[in-house]
Amino acid sequence: MKQRLSILGSTGSIGVQTLDIVAENPDLFEVTSLVAGRNWELLARQAIEFDVDSVVIGDETKYEQLKQALEPYPIKVYTGSDAICQVVQQSTVDVVVNALVGYAGLHPTVAAIEAGKKIALANKETLVVGGDLVMRMAVEKQVPILPIDSEHSAIFQCLAGEQSPIRRLIVTCSGGALRDVPMAELSSVTPERALKHPQWSMGAKITIDSATLVNKGFEVIEAHWLFGVGADKISVLIHPQSIVHSMVEFEDGAIKAQLGTPDMHMPISYALMFPHRASRPQERFDFLAHPTLTFAEPDRVKYPALDIAYDCMRRGGTAACVMNGSNEVAVAAFLAGKCRFTDITASIEYALSKARFVEHPTLKDYEALNEESRALAAEYLKLK
């Protein structure tokens, strides 16, 4: 029987590659619904190609254009955040692929868990913001959450079949687009420069997060929730080649690593097909083309966001929610040319110093602190 997918963020990098996997395996998957933020033209093309039942465009100003484009087809068209939560709960959905960007991914994940849907998760902010709530709900509802991020997929693969205790998770990090830029020059870095990632092709927001190492800090928090491992047992290593996607060290000293090219098709297909693997004959790794693999400690002075994320993980509660909300505002401001690159981390520190802290938050607490953190970041950056 085919798995019926709802793909959130279908027009982004992960969404597009997920549809590649669907196209390669038409006997295994069908797509029943697609969700995008504002790219209505690509969303319309995808909806027609994959013959979906319904689509949702997050940006309500694009609704009429999308509806007109799909008028000749029997495809239901919706808009708004409430509609996203409704489509993931439909009876025609087995698996929700959450590839939305940022805080916007939290509520659809919660809605999918409530409806008992399997989740293939690429939206790390779901667990960064609300990991405690989300994982408790997933256990109660017996809903599997399978990671799509390459680092967490690597750890998941390394742990498959293991029954022994973990000594350490080792999350690898490319260092981002500014890895070789001296710290003194970071304040003058342009968005164009920061978007030139040396290995990965990703969306603008996550590429900037990679450059600040906010993304890596978020991945540490995500690993904590996914695998139940404390901060003292998760380390980060700079690995410029992005070949070793992450590692697990066991108590006997053995280390398992998952290697492969810097491409997301494999972790996406693994999340969708687990415990089986896709047949991708065109995918071959050439060790001779990559004769040297190097590793280094991250520069904690150059990348203060990494330690901020560790501190948020140790504090728990709404700390990481505040870090995420302020970061989203600051990254958008940087990409719009309204602040310096170094102002991103400074905005996070300001918001964390000013925001309320709720130790045992509800979903409404997350909503309130998300708004408060965004306002504090805008205040720091003097945004109107």
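Predicted model: local features only at pLDDT ≥ 70, side-chain atom pairs only at ≥ 80, totals over all residues.

Visitor: Which strand is joined to strand β3, and by how many bridges?

Guide: Two strands pair if DSSP finds at least two bridges between them. Helices (H or I, at least four residues) and strands (E, at least two) are DSSP runs, numbered from the N terminus. Here β3 (residues 54-57) and β4 (residues 76-79) run parallel, joined by four bridges. I57 stands opposite T79 in β4. Between β3 and β4 the chain passes through helix α3 (residues 63-69), in a right-handed β-α-β crossover. Right-handed means this: with the strands pointing away from the viewer, the path from the first strand over the helix to the second runs clockwise.

Visitor: Is S54 buried or exposed?

Guide: Buried means under 20% relative accessible area, exposed over 50%, partly exposed in between (1.4 Å probe, protein chains only). S54 lies in strand β3. S54 has a relative accessible area of 0%, so S54 counts as buried. Contact means heavy atoms within 4.5 Å. Leaving out residues up to four places away in sequence, S54 touches T32, S33, L34, I75, K76, Y78, V87 and Q90.

Visitor: Which way do the residues of strand β5 point?

Guide: In β5 (residues 95-98), V95 and V97 point one way, V96 and N98 the other. All are buried. β5 runs parallel to β1 (residues 3-8), with four bridges. Four bridges also join β5 to β6 (residues 118-121), again in parallel. With helix α5 (residues 106-114), β5 and β6 make a right-handed β-α-β unit.

Visitor: What is the volume of the second largest pocket?

Guide: Rolling a probe the size of a water molecule over the atoms shows where empty space is left. On a 1 Å grid over the protein atoms alone, a pocket is an open set of points with protein on both sides within 12 Å along at least five of seven lines, and lining residues have an atom within 4 Å of a point. Grid points are joined across faces, edges and corners, and a volume is the space filled by probe spheres set on the points. The second largest pocket has a volume of about 320 Å³. Of its 15 lining residues, M266, R277, R280, E283 and R284 are the closest to its centre.

Note on methods. Residues numbered from 1 in each chain as written. Heavy atoms only, no water. 1 Å grid on protein atoms, 1.4 Å probe; cavity = no way out; pocket = protein on both sides within 12 Å on 5 of 7 lines; lining within 4 Å.
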